[in-house]
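Please examine the sequence and the three-dimensional model shown below before reading on. The explanation is meant to be followed with the structure in view.

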Amino acid sequence: MADRSTTTLDKVNASLARRYAKERRFRRMGLVAIATGLLFVLLLFTSIISNGYSAFWQTHVKLDITFNAEQLGIGDARDFEALSSADYAALVRASLKEIFPEVRERKERRKLYKMISTGAPLLLREMLINDPSLVGSHHAIWLPADDDIDMLVKGQIDRTLPESARRLNDQVVGWVDRLTENGVVAQLFNTTFFTAGDSREPELAGIGGAITGSFYALLVTLLLAFPIGVATAIYLEEFAPKNRWTDLIEININNLAAVPSIVFGLLGLALFINIAGLPRSAPLVGGLVLTLMTLPTIIIASRAALKSVPPSIREAAIGIGASKMQTVFHHVLPQALPGMLTGTIIGMAQALGETAPLLMIGMVAFVVDIPGGPLDPSTALPVQIFLWADSPERAFVERTSAAIMVLLAFLISMNLLAVLLRKKFERRW
Amino acid sequence: MIVEKTAPAEDASQVIHANFGGTVGDLTVAEPRMTARNVNVHYADKHAIIDVSLDIGRHEVVALIGPSGCGKSTFLRCLNRMNDTIDSCRVSGEIMLDGQDIYDKKLDVVPLRARVGMVFQKPNPFPKSIYDNVAYGPRIHGLAEDQSALDEMVEDSLRRAGLWDEVKDRLQQPGTGLSGGQQQRLCIARTIAVSPEVILMDEPCSALDPIATAKIEELIDELRQNFTIVIVTHSMQQAARVSQRTGYFHLGRLIEVGKTDEIFTNPQHKLTEDYITGRFG
């Protein structure tokens with residue numbers, strides 16, 4: 001008897017070592033998997049941030065501008081019409097001429113004037129329209145530099161390259177160095193990037209239009225997808241009889257969740273634009289398409305949330321004579337709502353990052369104006385990234401990364417909100 | 001080691017079903033509150049209740065006992081049509097409440113469940129305040145005319161459930177924060193707040209400690225003055241302590257029914273005797 005128990009113990013001990021080794025191996029593999037995942041996330045963020053952070057600053061040049069009525073070509077007129085059609089570029093030219101009096105040749109002069117962004121005259125125009133009394137006065141004003149100058153100042157253009165391989169020749173580089181020595185070149189926070197719409201000129205391009213477009217599209221999506229999705233989930237989960245039809249519907253909803261998003265774009269193009277005649281490139285149509293795409297996610301998440309409400313709560317309500325409707329709306333729904341909201345937010349985050357279906361309905365157009373409503377043509381944030389990633393200008397590279405950073409910030413904060421909601425409303429019973 | 005051969009369970013059930021000559025004992029009472037006649041319940045393919053007939057008298061506590069899976073809970077849930085919520089469940093036969101067929105197609109189950117309340121095995125207060133738990137029934141049925149009447153109803157129900165003194169200072173705190181026994185009494189208070197005629201209790205003490213159990217049993221005895229109570233229990237001592245009549249279920253059949261003291265002292269059927277003397281179950 002004693003012998004037998006000893007051998008059993010030995011066997012157990014022998015197997016113990018093996019079991020622990022297995023456990024250690026598994027744990028190590030888990031750690032490796034997590035580390036790999038984290039490494040990739042880290043790489044992604046490092047590359048995006050290192051590429052994009054500089055886009056939040058823009059090189060500006062301080063120029064002495066005299067609002068000379070003669071140069072503006074407005075004579076004595078100070079009305080809106082005269083001011084809005086005046087020649088503001090002349091002011092910039094005059095100021096540059098003063099700093100570089102030795103540049104006389106036409107071709108060189110054009111290069112000189114090109115150092116300042118073509119958006120600078122517009123800035124001056126805005127200043128003067130806001131305050132016509134400025135005419136005749138003299139101001140030192142920070143004006144945005146052209147994107148090539150911006151790149152040079154940020155060190156993105158290699159000065160050691162032979163002149164012919166550079167976008168800026170030695171003469172222009174010399175001018176920039178002289179301006180820098182004069183202390184009139186500085187990098188200022190790039191508010192344009194957040195407020196402006198798209199532009200051919202990188203220094204004038206911004207994500208303001210794209211964010212507004214995304215906002216309208218998501219608003220439409222939220223207003224449609226949340227009520228429809230939740231109502232569908234409640235009906236299917238609580239009221240619908242369990243038969244072949246509801247099984248079929250359930251399978252189809254699950255299939256719908258797996259349909260490639262570009263197919264929804266095609267559907268939207270055919271249905272909303274060609275048949276319903278809604279305007280192309282409009283956030284309304286984008287929102288409708290994203291609704292179709294988000295609905296299955298919301299329905300599935302909401303049904304899971306409803307399923308997780310313990311049946312004892314339903315029984316309690318039914319047992320004291322609550323009707324089906326009262327049971328669902330007084331007891332089940334409040335318990336399931338956090339889960340539903342989480343699902344909705346995750347669905348919305350998915351919709352925010354979606355590009356392909358929006359390409360199909362024309363939200364990929366070049367839109368300079370910031371949309372004023374859901375029917376105005378517009379782009380969306382991920383589409384803007386797609387457009388910029390395609391642009392040849394060096395300065396768009398950093399703007400692409402910066403736009404990705406903004407998009408990621410939105411996505412992360414939405415997911416955080418979902419987590420917070422879940423934590424806040426999590427209940428025990 | 002030699003494994004002893006035991007007869008499969010099916011054989012035993014066949015023997016019972018083949019030789020069953022009907023429920024032993026008097027299943028009727030004078031002026032019954034509820035009467036069940038030839039009730040059969042099927043879950044999909046399973047015949048869970050077979051030809052059960054039983055009267056439930058006024059102001060009495062009827063205990064239903066029997067081994068697990070014998071159908072006593074299923075029968076209990078037939079009495080207020082809780083089984084309606086299970087899709088695969090079909091009920092046939094006749095169950096009357098005060099002379100009215102509760103399985104009549106025209107009958108509305110919502111008022112029925114207000115008349116026949118239910119207390120469940122696991123305490124299941126709503127995740128709301130203690131006050132709202134008790135006030136919920138009166139609110140949905142529109143029993144209270146104003147706030148003060150509702151307050152009174154809540155207090156009265158909590159008093160009758162023996163919980164008032166323990167919770168009167170924290171009515172706005174969540175009902176789920178109470179102890180298990182208190183939660184179960186809260187559920188009883190919630191049930192009696194809508195003044196039902198019959199209260200069905202499905203093993204109300206199985207999740208409670210002996211002290212909480214004693215309190216609930218005491219409460220059941222008091223509630224008998226105003227309500228009719230049908231209680232399913234696994235504890236034979238409990239059945240003996242709280243009930244006036246007892247029914248013994250076995251494999252879907254009501255084997256024997258009679259006065260509680262007679263059932264426990266002088267069972268007529270062999271199966272009943274085996275069960276209460278602890279030979280199986």
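The model is a predicted one.

The C-alpha trace of chain B spans about 65 × 50 × 35 Å along its principal axes. Of the 281 residues in chain B, 45% are buried. Among the contacts in chain B with a separation of 6 or more, 70% are between residues 24 or more positions apart.

The next topic is the packing of helices. Two packed helices are described by the angle between their axes and by the distance between those axes. In chain B, helix H7 (residues 180–192) and helix H8 (residues 210–223) have axes that come within 9 Å and cross at roughly 20°. Because angles under 35 degrees count as roughly parallel, H7(B) is roughly parallel to H8(B). Their crossing is right-handed. From H7(B), the residues B:Gly180, B:Gly181, B:Gln184, B:Arg185 and B:Ile188 meet B:Ala212, B:Lys215, B:Ile216 and B:Leu219 of H8(B). The residues of this contact comprise four nonpolar, three polar and two charged.

Helix H12 (residues 261–275) and helix H13 (residues 283–307) of chain A pack with their axes 9 Å apart, at an angle of about 130°. This angle makes H12(A) oblique to H13(A). The crossing of H12(A) and H13(A) is right-handed. On the side of H12(A), the residues are A:Ser261, A:Phe264, A:Gly265, A:Leu267, A:Gly268, A:Phe272 and A:Ile273, and they meet A:Val285, A:Leu288, A:Val289, A:Leu292 and A:Met293 in H13(A). Nine residues of this contact are nonpolar, three are polar and none is charged.

The loop between H12 and H13 of chain A holds A:Ser281. Although A:Ser281 is not a glycine, it has a positive phi of about 60°. Is this residue buried or exposed? A:Ser281 counts as buried because it has 21 C-beta neighbours inside 10 Å, and 20 or more are required for that class. In chain B, B:Arg81 likewise has a positive phi of about 60° and is not a glycine. B:Arg81 lies in the loop between helix H2 (72–78) and strand S4 (89–97) of chain B. With 18 other C-beta atoms within 10 Å, B:Arg81 is partly exposed.

The two chains also touch each other. In this contact, 17 residues of chain A meet 22 residues of chain B. On the side of chain A, helix H14 (311–319) and helix H15 (324–352) are the elements that give two or more residues. H14(A) provides the largest share, six residues. The residues on this side of chain A divide into six nonpolar, seven polar and four charged.

One residue of chain B illustrates the contact between the chains. B:Ile140 belongs to helix H4 (residues 130–141) of chain B. Leaving aside its neighbours within four places in sequence, B:Ile140 is in contact with A:Ala322 and A:Gln326. B:Ile140 is partly exposed, with 19 other C-beta atoms within 10 Å. Within chain B, B:Ile140 and B:Val194 are 54 residues apart in sequence, and their C-alpha atoms are 9.7 Å apart in space.

Definitions and conventions:
Residues numbered from 1 in each chain as written. Chains lettered and ligands numbered in written order. Predicted model: local features only at pLDDT ≥ 70, side-chain atom pairs only at ≥ 80, totals over all residues. Helix = DSSP H or I, 4+ residues; strand = E, 2+ residues; numbered from the N terminus. Buried ≥ 20, exposed ≤ 12 C-beta atoms within 10 Å, placed from the backbone. Contact = placed C-beta atoms within 7 Å. Axes fitted to C-alpha atoms, helices over the stretch in contact; angles between N-to-C directions. Parallel < 35°, antiparallel > 145°, perpendicular 65-115°, else oblique. Left-handed = near helix turned anticlockwise from the far one by under 90°. Nonpolar A, V, L, I, M, F, W, Y, C, P; charged D, E, K, R; others polar.
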